[in-house]
Amino acid sequence: MQFHDHGYVSGDPRVEPAHRDPRPERLPDEVDVLIVGAGPAGLAAFAQLAQFPDVTTRLIERRPGRLEIGQADGLQARSIESFQAFGFANRLIEEAYRIYSMAFWRPDPAEPTRITRTKLVPDDPSGISEFPHLILNQARVLDYFAEFAANSPARAVPDYGVEFAGLEVLDGAVLVTVLDQGVERTVRARYVLGCDGARSQVRESIGRKLVGQAALHAWGVMDVLADTDFPDYRTKCAIQSHDGGNILLIPREGGYLTRFYVDLGEVAEDDDGRVRHTPLAEIVARANRILGPYTLDVKNVPWWSVYEVGHRLTDAFHDDDRDPRVFITGDACHTHSAKAGQGMNVSIQDGWNIAWKLGHVLDGRARPELLRTYSAERQVVAQNLITFDKEWSTLMATPAEQMPDPDYLEDFYVKTFEFPAGFMTRYEPSPLIAEDTHQELATGYPIGKRFRSELVHRVSDTTPVHLGHHARADGRWRVYVFADASAPDSGPVTDLAGRLEDLNPAWFDLKVIYQQRFGEVDLRRVPGVFLPRGGPFGLTDWERVYATGEEHDIFDDRGISRDGAIVVVRPDQYVAHVLPLNDFDALSAFFAGIFV
């Protein structure tokens with residue numbers, strides 16, 4: 001973390017200098033972006049847009065204050081990578097429950113009325129990320145996003161107690177009717193972001209509909225404090241019983257709380273929602289039958305619910321294909337079961353995706369056409385999630401004796417790990433994603449997939465650091481220059497450096513990574529563009545020059561050509577382009593298609 005560049009900071013360095021204009025306490029009559037709903041997508045978008053202080057962004061939420069108990073709790077490694085950019089990954093990791101393994105339980109062949117553990121598998125068998133799979137109450141995740149927004153230059157704080165009542169899309173603006181502390185008002189917004197859940201009023205206002213079907217299968221979910229003799233009570237478990245009932249058991253943060261997804265069985269087509277009134281006592285009794293011979297003595301239930309599995313998707317995530325003004329995110333445009341633990345995770349990526357694009361357009365650095373890419377990118381992700389979730393949730397409800405083979409569920413979990421971990425997303429070529437013409441120069445950074453961090457050594461102090469961890473959610477693009485084997489003051493990197501000087505440092509973050517060991521790179525010979533001066537005192541930024549180490553060679557680990565390469569990464573951590581060091585013209589042409 002870098003600070004003191006504008007003078008000594010004696011307080012919390014996470015609190016950035018405030019923008020020159022104070023934020024009005026009352027919701028203004030005119031805003032650039034109005035976000036509806038303070039869920040994961042809404043607060044992720046709000047936090048990102050708070051880094052664009054010249055863009056007037058407000059978030060309205062009908063609740064009177066912060067969420068206290070959230071329904072979602074699973075945080076996949078891709079989300080933790082995102083939290084690193086927002087500056088709270090490490091604090092969240094300390095607070096959360098970490099999933100290392102998953103246990104599978106099935107009926108004991110010798111005594112089918114008793115369950116027995118059949119396998120214990122690692123949660124991340126491939127080591128796909130340096131970050132873990134975590135469990136933490138959604139409310140705490142929202143707290144961290146809200147804190148980031150409040151500490152950002154915009155000093156952004158949600159407007160609680162304000163309810164969305166309707167909207168009208170005009171030419172170049174959206175008129176939004178709200179109930180502000182019970183008083184009806186009209187707010188004029190350039191763009192509206194609907195993050196208001198599966199019963200989204202924003203979605204209804206623009207005529208989009210969730211299309212799909214229910215699986216006619218119900219589950220009871222409960223967070224419990226309980227006494228039990230079940231030995232894997234603090235390990236994530238998939239439990240199949242002799243009578244066809246199933247439990248997905250997920251320990252929660254704090255060491256005592258545990259979530260149970262309890263299979264309530266098939267739902268009749270004419271049920272008409274009656275299953276949702278299943279009493280808590282029946283869910284607890286059902287859990288005890290599935291766990292036999294073990295028992296569950298529930299002492300306290302902070303939260304519980306009953307839901308029917310449904311898979312639904314809207315045909316687009318915005319109001320108009322030509323000039324979109326209203327966008328929907330998360331459950332407002334895609335719903336699925338909770339079994340894959342994707343709801344909060346995918347919603348966060350939805351919010352981040354549209355937010356930095358809105359920031360680019362509204363502060364004048366990009367053309368409005370950029371906003372069309374949001375629905376094109378995220379709808380495919382949602383469809384893939386629904387396809388995966390249908391298979392996973394069906395398997396979770398399938399009796400053991402009906403599986404293709406006894407180890408099918410365990411094998412499916414291991415084989416498909418990359419998808420629920422959040423790493424199968426790959427955006428197709430577009431104005432934001434180049435063709436893979438030069439992919440062979442950096443095979444470990446597939447164009448369209450997220451930038452996978454790796455250890456390098458910072459030359460200035462020799463410290464090993466993760467290259468990707470330096471990238472903040474500040475709306476900037478990253479340009480990583482992986483040098484060839486030449487000395488720092490010779491070869492194609494020096495020619496490239498002279499041309500990179502024209503890139504606006506407020507829009508682009510430049511880094512160079514040399515093939516030599518960190519002790520062999522002479523900073524006096526490094527081109528000045530990688531040692532820029534800034535701030536009121538013209539101080540040198542020493543944290544843009546990296547090299548390899550005895551144990552860490554990113555060139556080998558990420559398949560980067562020894563001839564060097566340029567890797568371009570978007571503000572939301574997805575690789576946008578890979579180019580040769582001598583092809584600045586192609587780099588310039590790519591950015592010309594995005595920036596004004």
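Reader: Which residue in β7 stands opposite G74?
Author: I135 does. This model is predicted, so local features need pLDDT of at least 70 and side-chain atom pairs count only at pLDDT 80 or more, while totals for chains, interfaces and linings use all residues. Residues are numbered from 1 along each chain as its sequence is written, and side-chain values use heavy atoms, without hydrogens and water.

Reader: How many bridges join β3 to β7?
Author: There are 2 bridges, and the two strands run antiparallel. Strands here are DSSP E runs of at least two residues, helices are H or I runs of at least four, and both are numbered from the N terminus. A pair of strands needs at least two DSSP bridges.

Reader: What's the strand order in that sheet?
Author: β3-β7-β4, an open sheet of 3 strands with antiparallel pairing. β3 and β4 (97–99) are the edge strands, each pairing on one side only.

Reader: How do α2 and α7 cross?
Author: The axes of α2 (residues 77–85) and α7 (residues 343–362) come within 9 Å and cross at roughly 40 degrees. Axes are lines fitted to C-alpha atoms over the stretch in contact, with angles from 0 to 180 degrees between N-to-C directions. From α2, the contact (heavy atoms within 4.5 Å) is made by R78, S79, S82, F83 and A85. On the α7 side, N345, I348, Q349 and W352 take part.

Reader: And what follows α2?
Author: G87 follows α2, and the phi of G87 is positive, near 85 degrees.

Reader: Now the 7-stranded sheet. What's the order there?
Author: β20-β19-β25-β22-β21-β26-β27, in an open sheet with mixed pairing. β20 (464–466) and β27 (575–579) stand at the edges with a single partner strand each, so one side of each has no neighbour in the sheet. On average, neighbouring strands of this sheet are turned by 30 degrees against each other, direction ignored.

Reader: How do β19 and β20 pair?
Author: β19 (residues 455–458) pairs with β20 in the antiparallel sense over 3 bridges.

Reader: Which residue in β20 is the bridge partner of L455?
Author: H466 is the partner of L455.
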